Amino acid sequence: FGSLSLAARSWDGGEAKVLQVSDMRSAQTYLRAQIAAQYPQRLWKAAEMPLLFAGERDEMRYAAVLPERVAEGGVYHFRLAVVRSGEKSQLVQERQIPDLAALQEPEFNDADRSVLAEDIAELAIGYFGRDAEANDVDEPTWRNRWDDRQRLPLLVRIDVKPAKGAAWPTLVVEPRRSPEASCPAWDARAGRCVRPGF
């Protein structure tokens, strides 16, 4: 009986480990593809037409294309964060259709939510790039916060630590689209989007 009990616990532990690794691989594959293809969407009515991108150490907000197999597809505004649900914490992605006529970045109060992984203790996001007013000759550095509302970071680094087990491998992604892609008039010298005619 003791041998059977030990075997059952070992089997259950093995299944849980396989499920955890599968969740990690699926989440990382999805995030790598989406963050690499994120779109430099702007708020057209807001002053200086800022990007829909905001980066903190424990959450990131960005615009990206939602696959057509999910809802209607198209560009959505996303939030990646760890949130508590009862006794557990989950790595979630919230999404909503952006209001491009808004004067400030919208909150995610009524956003749709997808759970990417369960039992996550910590999410740490890093951003590699230059200061908002820096020139292209300045050395980029890693930072825990992204303040430039005109340019995307050169790289995004995501570290996830589960409540149990080993930390996920560090995910480093390079956004492939330049901020000029959504700008009607890009000032290369200032590194920012300007309204045509100004």
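## Aromatic pairs and an open sheet

Both Phe-53 and Tyr-127 are buried. The model they belong to is predicted.

**Ring pairs**

How many aromatic pairs does the count come to? The count comes to 4. One of them joins Phe-53 and Tyr-127: the ring centres lie 6.2 Å apart and the planes meet at 90°, so this pair is edge-to-face. Where do the two residues sit in the chain? Phe-53 is in the loop between α1 (2-36) and β1 (54-55), while Tyr-127 is in strand β6 (residues 120-129). The pair therefore ties together parts that are 74 residues apart in sequence.

Next come Tyr-62 and Phe-78. Is their pair stacked or edge-to-face? Their planes are at 20° and their centres are 5.6 Å apart, so the pair is stacked. Planes under 30 degrees apart count as stacked. Tyr-62 belongs to strand β2 (residues 59-66) and Phe-78 to strand β3 (residues 74-85), so this pair links parts 16 residues apart in sequence. Tyr-62 is buried, and Phe-78 is buried too.

| Ring pair | Distance between centres | Angle between planes | Kind |
|---|---|---|---|
| Phe-53 and Tyr-127 | 6.2 Å | 90° | edge-to-face |
| Tyr-62 and Phe-78 | 5.6 Å | 20° | stacked |

The charged end of Arg-157 sits over the ring of Trp-142, at 4.3 Å from the ring centre.

**The sheet**

Strands of a sheet pair through backbone hydrogen bonds. Here, 5 strands form an open sheet. Their order is β1-β2-β3-β4-β5, and the pairing is antiparallel. Which strands are at the edges? They are β1 and β5 (112-118), and each pairs on one side only.

Now look inside the sheet. β2 and β3 are antiparallel and pair over 8 bridges. Tyr-62 stands opposite Phe-78 in β3. These are the residues of the stacked pair. Ala-63 has His-77 in β3 as its bridge partner.

On to strand β4 (residues 88-96). How many bridges join β3 to β4? There are 9, and the two strands run antiparallel. β3 and β4 form a hairpin, with 2 residues between them. Gly-86 lies in the turn and has a positive phi of about 70°.

**A helix residue and a loop residue**

Gln-28 lies in helix α1. Is Gln-28 buried or exposed? Its relative accessibility is 14%, so Gln-28 counts as buried. The cut-off for buried is under 20%. Leaving out residues up to four places away in sequence, Gln-28 touches Trp-168, Pro-169 and Leu-171.

Pro-184 is in the loop between β9 (171-173) and β10 (186-187). Which residues does Pro-184 touch, not counting those up to four places away in sequence? They are Trp-44, Cys-193, Val-194 and Pro-196. Arg-195 is 11 residues from Pro-184 along the chain, and their C-alpha atoms are separated by 7.0 Å.

Technical notes: Residues numbered from 1 in each chain as written. Predicted model: local features only at pLDDT ≥ 70, side-chain atom pairs only at ≥ 80, totals over all residues. Heavy atoms only, no water. Helix = DSSP H or I, 4+ residues; strand = E, 2+ residues; numbered from the N terminus. Contact = heavy atoms within 4.5 Å. Phe/Tyr/Trp six-rings, centres within 6.5 Å; stacked < 30°, edge-to-face > 60°. Buried < 20%, exposed > 50% of the residue type's maximum accessible area, 1.4 Å probe, protein only. Lys NZ or Arg CZ within 6 Å of the ring centre and 35° of its normal. Pairing = 2+ DSSP bridges.
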